[in-house]
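The sequence and structure come first, then the text.

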Amino acid sequence: MIRPPSVISRLQSVVFSNTTVSENLPQGSISNMPWRAAGVSYAQNEIYMDIVEGVDAIVDATMGNLISSDVSGSIQCQSHLSGVPDLLLTFQDPSLIDDCSFHPCVRYSRFEKDHGVSFVLPDGHFELMKYSITVK
């Protein structure tokens, strides 16, 4: 946090080469995660995750065989968790996911490394990710 300038602080910074950057955020200031408010507390902690998917398929009319299919989906979350919860969501077979986009709370570098979705979730309703799966 940058302290407000004053005449004395300006003189001190010139004479002593001091920085005006503070190591700690003042009480009641914005957290370093803009999607999560500081000091969130609930009597009952709960989270709900809904997986919403749509399927488009092309089927052979004569034999009934599947020619190709596309699945597009999203993970919708409703969160009421106290503090700063750090969660990890894993998939049984992450190689099936072709294309995905994430909420800013997701640590993308972790997803690239081991396909785990690691995140500090926002409070309330949000869309964690969108994805698509193509089967030919």
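Read from the N terminus, the elements of the protein follow the order α-β-β-β-β-α-β-β. That gives two helices and six strands. The model is predicted.

**Overall figures**

The protein has 136 residues, and buried residues account for 23% of them. Its accessible surface is about 9,700 Å², with 55% of that area belonging to carbon and sulfur atoms. Taking the contacts between residues at least 6 apart in sequence, 67% join residues at least 24 apart.

**Salt bridges**

Side chains of opposite charge can pair when their charged atoms come close. With a cut-off of 4 Å between a side-chain nitrogen of Lys or Arg and a carboxyl oxygen of Asp or Glu, the count in this model is two salt bridges.

One of them joins the side chains of Asp86 and Arg107, with an N to O distance of 2.9 Å. This pair links distant parts of the chain, as its residues are 21 apart: Asp86 belongs to strand S3 (residues 86-89), while Arg107 sits in the loop between S4 and helix H2 (108-114). Arg107 counts as partly exposed because its relative accessibility is 33%, a value between the limits of 20% and 50%.

Asp114 and Arg110 form a salt bridge as well, and their closest N and O atoms are 2.9 Å apart. Both residues lie in helix H2, where four residues, about one turn of the helix, separate them. Asp114 has a relative accessible area of 38% and is therefore partly exposed. Arg110, at 29% relative accessibility, is also classed as partly exposed.

| Salt bridge | N to O distance | Location |
|---|---|---|
| Asp86 and Arg107 | 2.9 Å | strand S3; loop between S4 and helix H2 |
| Asp114 and Arg110 | 2.9 Å | both in helix H2 |

**Negative patch**

Which residues gather in a patch of negative charge on the surface? They are Asp56, Asp70, Asp98 and Asp99. Membership in such a patch requires over 30% relative accessible area and no salt bridge, and like charges are joined within 9 Å. Of the members, Asp99 lies in strand S4, which spans residues 99-102. Why does Asp99 count as exposed? Its relative accessibility is 51%, and exposed means over 50%.

Note on methods: Residues numbered from 1 in each chain as written. Predicted model: local features only at pLDDT ≥ 70, side-chain atom pairs only at ≥ 80, totals over all residues. Heavy atoms only, no water. Patch = residues over 30% accessible without salt bridge, like charges linked within 9 Å, V, L, I, M, F, W, Y side chains within 5 Å. Areas by Shrake-Rupley, 256 points an atom, 1.4 Å probe, with all protein chains shown as cover. Lys, Arg positive; Asp, Glu negative; His and termini not counted. Charge placed at Lys NZ, Arg CZ, Asp CG, Glu CD. Buried < 20%, exposed > 50% of the residue type's maximum accessible area, 1.4 Å probe, protein only. Contact = heavy atoms within 4.5 Å.
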